[in-house]
Amino acid sequence: MASTGERDGTGGTEGAETAGGTAAGTAAAPPERKASWRLVGPGIVVAATGVGAGDLVATLVAGSRFGYTLLWAAVVGCLVKIALAEATGRWHLATGRTIFDGWRSLGAWTTAYFAVYVTVWGFVYGAAAMSSSALPLVALFPGFLGLKTWAILCGLAGLAFVWFNRYAVVEKIMMVFVGVMFVVVLYVAVRVTPHLGDAVAGLLPVLPDGSLLYTLGLVGGVGGTITMAAYGYWVNAKGWTDSGWMRMMRLDNRVAYLTTGIFVVAMLIVGAELLHAAGTAIGSGDRGLLDLGRILEERFGAVTAKLFLIGFLAASFSSLVGVWHGVSLLFADFVERTRAARAQGTGGEPPVLEVARGQRERSWPFRGYLLWLTFPPMGLLWLDQPFGLVIAYGVLGAFFMPFLAGTLLWLLNSGRTPRQWRNGPLSNVMLAAAGLLFVVLCVQQVRELPW
């Protein structure tokens, strides 16, 4: 065998000659594919899914309170997400196993946590995603349909897009949404006339009084959800199923989160110039973007305000479609791994998730979770969320990102990963820093719940 190649800064090696999921020296390496901009896609899907309306509001509020001072935190947050998504994709490609299969290897506790999490989280998130997508539609078409009707239509549209699970279709839809978000957000940022000198100064790490939680939120919150764990499934759905695609996956991931970084910086500029300078406040939650739309209309006219609402819709609906697809893949894997454990216990043949082979996942667990995300949450549109459900949703959601960072550190530094694709020093530092950051955010989020 030839040498194992040159180790890069993020862990693993470039040009390694051992197939993912096999011991060193036991099999010929898959051919290494060249990285091509034309193939970029799964990273755009995960990034677009992770940047929702709530993330844009959080960034706006940070800009409105502290101006450009926290711009550096947005850049650091982009690097953290690159490290997390790269680690998830590297696990799938290097081992030939899904992330849930890796979690199962760490013990039954991971399965128990995920089972509760995916049930409660999906129920509450389904209603939130549908409402978030409906808000800009109500503003764009006043008096036409009510919020609940628009929300139901958005849920049904997401179901229709994902039901037949044609990944190429989902990817193209997400590319369109990202293009709309990109153009609209940059257009608004340019319209508010940013001060470039202040923006450059904001790249210096500074913590103004009272800014710690906003800083941590910018670093850890924007673009970081359960869908980061779905990145490896989208990589597989693209047809990238072995370590020969590692270089392409890394290009895809970096392009996606650099794009996310541009979104965040642009929204911070809008908050700094439009809100901070004028001392204007906006509402919390997704409705804060409607407040911003009204401010834009007063200052720049109806056309700019309408364009911004279209960008708001793209951000919200892309998150809905991404969750409907990505988390349903995770759930299908959860069911298949559970069935596999039973089959092995009885001497049967364990099933293999279709998407892990680059094929379409059309199983009943995939479609069943799609229905769970769509129809039961519609009932919450007419009800205030039950107190206990809000608490459970908040606690489970707060613990997910520390769970992801910690388990990736564990998996990618152990014998479960072929040696040439294990973490390097830089990847370990980034994942450890991300884990610590998310633990702090987790504690704060749990403290702020309405106990």
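Me: Leaving aside its neighbours within four places in sequence, which residues is Ala-189 in contact with?

Reply: Contact means that heavy atoms lie within 4.5 Å, and by that rule Ala-189, once its neighbours within four places in sequence are set aside, is in contact with Pro-194, Ala-266, Ile-269 and Val-270. Keep in mind that this is a predicted model, in which local features need pLDDT of at least 70 and side-chain atom pairs count only at pLDDT 80 or more, while totals for chains, interfaces and linings use all residues. Residues are numbered from 1 along each chain as its sequence is written, and side-chain values use heavy atoms, with hydrogens and water left out.

Me: Where is Ala-189 found, and is the residue buried or exposed?

Reply: Helices (H or I, at least four residues) and strands (E, at least two) are DSSP runs, numbered from the N terminus, and Ala-189 is found in helix H7. Buried means under 20% relative accessible area, exposed over 50%, and partly exposed in between, with a 1.4 Å probe and protein chains only; Ala-189 has a relative accessible area of 6% and is therefore buried.

Me: How should I read the crossing of H7 and H11, and at roughly what angle do their axes cross?

Reply: Axes are lines fitted to C-alpha atoms, for helices over the stretch in contact, and angles run from 0 to 180 degrees between N-to-C directions. Here the axes of H7 (residues 167-191) and H11 (residues 246-276) come within 9 Å and cross at roughly 30°. The crossing is left-handed, a word used if the near helix is turned anticlockwise from the far one by less than a right angle (clockwise would be right-handed). Among the H7 residues that meet H11 are Val-178, Phe-182, Val-185 and Ala-189, and their partners in H11 include Ile-262, Phe-263, Ala-266 and Val-270.

Me: What is the length of H11, and how many of its residues are buried?

Reply: The expected span of a helix is 1.5 Å times one less than its number of residues. H11, with 31 residues, reaches 43 Å from its first C-alpha to its last, which is close to the expected 45 Å. Because 25 of those 31 residues are buried, H11 is largely enclosed by the rest of the structure.

Me: What does the side chain of Trp-91 reach?

Reply: A polar contact is a pair of N or O atoms within 3.5 Å; within protein, one must be able to donate a hydrogen and the other to accept it, and residues adjacent in sequence count only if both atoms are side-chain atoms. The side chain of Trp-91, a residue of helix H3, reaches the backbone oxygen of Thr-98 at 2.9 Å. Trp-91 is buried, with a relative accessible area of 0%, and its C-alpha atom is separated by 7.1 Å from that of Leu-412, 321 residues away along the chain.

Me: With which side chain does Ser-132 make a polar contact?

Reply: The partner is the side chain of Ser-316, at 2.9 Å. Ser-132 is found in helix H5 (residues 108-140) and is buried, with a relative accessible area of 8%.

Me: How many residues has the largest nonpolar core?

Reply: A nonpolar core is a set of buried Ala, Val, Leu, Ile, Met, Phe, Trp, Tyr and Cys residues joined through side-chain atoms within 4.5 Å. The largest one here has 143 residues, and those with the most contacts inside it are Leu-84, Trp-103 and Phe-400. Not counting residues up to four places away in sequence, Leu-84 touches several residues, including Met-228, Met-401, Leu-431 and Phe-438.

Me: What does the whole chain come to in helices and strands?

Reply: The protein chain has 16 helices and two strands, and 56% of its 451 residues count as buried.
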